[in-house]
Amino acid sequence: MKVFSKEQIYEGDKVTEERQKLPPSELMERAGLQIFNWMHMRMQGAQVPIHIFCGIGNNGGDGLVLARHLITHGYNVETYVVNCGNSRSKDFLTSYDKVKEVTKKWPQLLKCESDFPEIHKDDIIVDAIFGIGLNRSIEDWIKALFHHFKASEAFTLSVDIPSGLYTDKPVEDVNGVVKANYTLSFQSPKLVFFLPETADYTIQWEVIDIGIDREYLMTTDTEVELISKNEVLPIYKPRTKFSHKGDFGHGLIIGGSYGKIGAVQLATRSVLVSGAGMVTAYVPECGYLPLQTSLPEAMVMTDIDEKKITDINFDITPSAIGIGVGIGTDTSTIQAYEAFLKSNKVPLVIDADAINMLSENKKLLKLVPENSILTPHHRELERLIGTWSSDFEKLEKASTFSSKHKVILVIKGAHTITVYGQKKFINVTGNSGMSTAGSGDVLTGIITGLLSQKHLPIEAALFGVYLHGRAGDLAVEEFGYQSLLAGNIIDYLGEAYIDLFKQPEQAQEEVKTEDKA
Ligand SMILES: NC(=O)C1=CN([C@@H]2O[C@H](COP(=O)(O)OP(=O)(O)OC[C@H]3O[C@@H](n4cnc5c(N)ncnc54)[C@H](O)[C@@H]3O)[C@@H](O)[C@H]2O)[C@@H](O)CC1
Ligand SMILES: [K+]
């Protein structure tokens with residue numbers, strides 16, 4: 001699913017109005033009506049007080065259309081205009097007049113704190129104050145209004161985006177943003193719903209279709225995309241009856257050190273379970289016995305050193321290589337890594353200390369093959385690209401790094417974001433139970449396994465991240481958030497594959513429910 005920028009949304013409105021020859025404020029009518037339908041379906045006429053707070057732009061206009069429908073359907077509505085400026089939009093004014101036609105109870109004007117209405121815990125707040133048009137800091141009295149919402153503990157429904165969030169800039173003051181229980185977002189979710197610094201401003205969100213021109217939506221390329229089942233299904237490769245293990249490649253996992261052989265075990269097993277035909281683990285001598293015993297399906301090659309990797313030397317021709325899990329940063333390991341990078345031509349999946357070694361020895365970056373996949377977590381990314389002051393800057397820096405070094409960055413997190421040049425792909429699967437030792441090793445193995453099966457690197461990264469998260473989502477139903485182990489993710493990888501062809505109960509890309517375990 002595409003995530004449109006603010007500019008693209010405005011352009012989409014314009015194109016739609018032209019192509020569909022819409023009368024003025026028709027899109028606002030659609031937006032308000034859709035929100036009304038959403039509420040009406042759930043409330044069925046219940047007389048819960050609904051407080052609708054409208055700004056003076058089109059977001060406020062949406063709120064006024066909603067108010068009109070709720071009023072004509074007999075709901076218990078109080079409408080307020082948050083008087084935050086003088087430039088009321090044309091469509092706002094049209095909607096305002098239409099409200100006056102259906103009720104004698106005109107919207108109340110709020111200008112300062114003493115105007116704030118009483119809101120009870122069981123009331124409903126509709127936040128239609130600012131939408132994507134927010135363009136300056138929020139005044140203190142409006143921050144106080146947001147605080148008033150929060151203090152009331154009433155259910156808060158935000159129209160399009162929680163008021164106070166910019167679509168393309170970090171939050172200036174955490175008190176200047178509405179904390180929404182639910183956000184109904186028009187046409188496309190907003191990038192800020194997925195970034196660590198801003199995702200918490202709405203507990204759930206849903207996309208509302210207001211009939212923006214289909215061709216515009218189809219043909220407009222976006223920098224950001226959500227990756228859910230629909231997007232990965234075309235990547236899946238069905239198997240033919242006469243295929244054999246040679247068709248699915250030979251993955252190689254290089255890593256491990258004394259006390260960290262388990263990481264290699266997890267990654268190696270994941271290579272096979274993701275579908276590679278064969279797998280070899282290249283480990284220090286001490287890894288031989290545990291790997292051969294615990295994973296009979298894998299082949300094992302060992303370094304001359306007992307406890308660490310000192311010389312990467314193998315006589316097989318792997319189709320893909322994953323390097324770094326449990327490898328450490330011993331000087332002899334760095335030397336072996338450099339020598340390996342100098343001779344290697346196979347695309348790599350680079351994880352953990354193999355990323356850190358690049359950060360500490362930037363000249364090694366030049367030796368990384370084009371389209372290799374780096375899978376850093378927060379700290380590893382910081383060492384690699386430098387620190388950032390906001391999520392937006394982080395993504396910008398990651399894009400610059402990806403373009404400069406021609407690599408794919410898989411930034412691990414609650415919503416893992418794969419950065420490929422200017423493109424950013426946000427994954428929707430996964431849960432907090434997966435924040436557990438070895439989870440990253442499993443991801444490295446899955447992506448290596450997919451690369452072995454001749455998926456393009458970007459496909460392997462996106463599909464791997466999706467499957468890893470989905471397997472985790474299925475596994476958590478059995479093991480629970482606290483007790484899920486990385487190995488359980490591997491056990492559920494098969495279910496994740498099978499699940500690709502099951503009809504979703506609820507469109508995943510449209511509803512986000514954060515686990516609260
Ligand atoms: N395709 C879509 O998505 C559609 C979106 N619509 C709505 O239109 C909204 C965008 O409308 P607008 O561009 O009018 O913008 P907004 O309604 O988001 O707000 C802009 C208004 O608030 C003022 N303002 C901005 N920042 C302020 C601040 N910090 N303090 C005080 N005043 C401030 C601006 O001067 C302007 O008057 C969307 O968020 C959505 O709700 C719908 O009406 C129609 C279709
Ligand atoms: K809003």
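I call a crossing left-handed if the near helix is turned anticlockwise from the far one by less than a right angle, and right-handed if clockwise. I take helices (H or I, at least four residues) and strands (E, at least two) as DSSP runs, numbered from the N terminus.

I am working on a predicted model, in which local features need pLDDT of at least 70, side-chain atom pairs count only at pLDDT 80 or more, and totals for chains, interfaces and linings use all residues. Residues are numbered from 1 along each chain as its sequence is written, while chains are lettered from A and ligands numbered from 1 in the order in which they are written.

**Entry: α3 and α4**

I looked up α3 against helix α4 (residues 90-102). Their axes come within 8 Å and cross at roughly 15°. I use axes as lines fitted to C-alpha atoms, for helices over the stretch in contact, with angles from 0 to 180 degrees between N-to-C directions. That angle makes α3 roughly parallel to α4. Angles under 35 degrees count as roughly parallel, over 145 as roughly antiparallel, 65 to 115 as roughly perpendicular and the rest as oblique. The crossing of α3 and α4 is left-handed.

I then listed the contact, which needs C-beta atoms, placed from the backbone, within 7 Å. From α3 come Asn58, Gly60, Gly61, Leu64, Val65, Ala67, Arg68, Ile71 and Thr72; from α4 come Asp91, Phe92, Ser95, Tyr96, Lys98, Val99 and Val102. These residues divide into eight nonpolar, five polar and three charged. Here Ala, Val, Leu, Ile, Met, Phe, Trp, Tyr, Cys and Pro count as nonpolar, Asp, Glu, Lys and Arg as charged, and the others, Gly among them, as polar.

**Entry: α2 and α3**

I turned to α2 next. The axes of α2 and α3 come within 8 Å and cross at roughly 55°. The two helices are therefore oblique to each other. Their crossing is right-handed. On the α2 side I find Met28, Glu29, Ala31, Gly32, Leu33, Ile35 and Phe36; they meet Asn58, Gly61, Asp62, Val65, Leu66, His69 and Leu70 in α3. I count eight nonpolar, four polar and two charged residues in this contact.

**Entry: ligand 1**

Which residues come nearest to ligand 1? Of the 33 around it, they are Gly57, Asn58, Asn59, Gly131 and Gly133. A residue belongs here if its C-beta atom, placed from the backbone, lies within 6 Å of the ligand. α1 (6-19), α2 (26-43) and α3 (58-72) each supply at least two residues of this shell. The largest share, five residues, comes from α3. By class the shell holds 14 nonpolar, 15 polar and four charged residues.

**Entry: the sheet**

I traced an open sheet of eleven strands with mixed pairing, in the order β1-β9-β18-β17-β16-β15-β14-β13-β10-β11-β12. β1 (2-3) and β12 (299-302) stand at the edges with a single partner strand each, so one side of each is left without a neighbour in the sheet. Two strands pair if DSSP finds at least two bridges between them.

Starting at β1, I find it joined to β9 by two bridges, antiparallel. Lys2 stands opposite Glu225 in β9. β9 and β18 run parallel, joined by four bridges. There Val224 stands opposite Lys424 in β18. β17 (residues 417-420) and β18 (residues 423-427) pair in the antiparallel sense over four bridges. Lys424 in β18 is the bridge partner of Val419.

Helix α15 (residues 457-483) lies across β9 (224-227), β15 (373-374), β16 (408-411), β17 and β18, and runs at about 10° to β16.

**Entry: α8 and α14**

Last, I looked up helix α8 (residues 261-273) and helix α14 (residues 439-452). Their axes come within 7 Å and cross at roughly 35°. α8 passes α14 in a right-handed crossing. The contact residues divide into seven nonpolar, seven polar and two charged.

Methods. Two residues are in contact if their C-beta atoms, placed from the backbone, lie within 7 Å.
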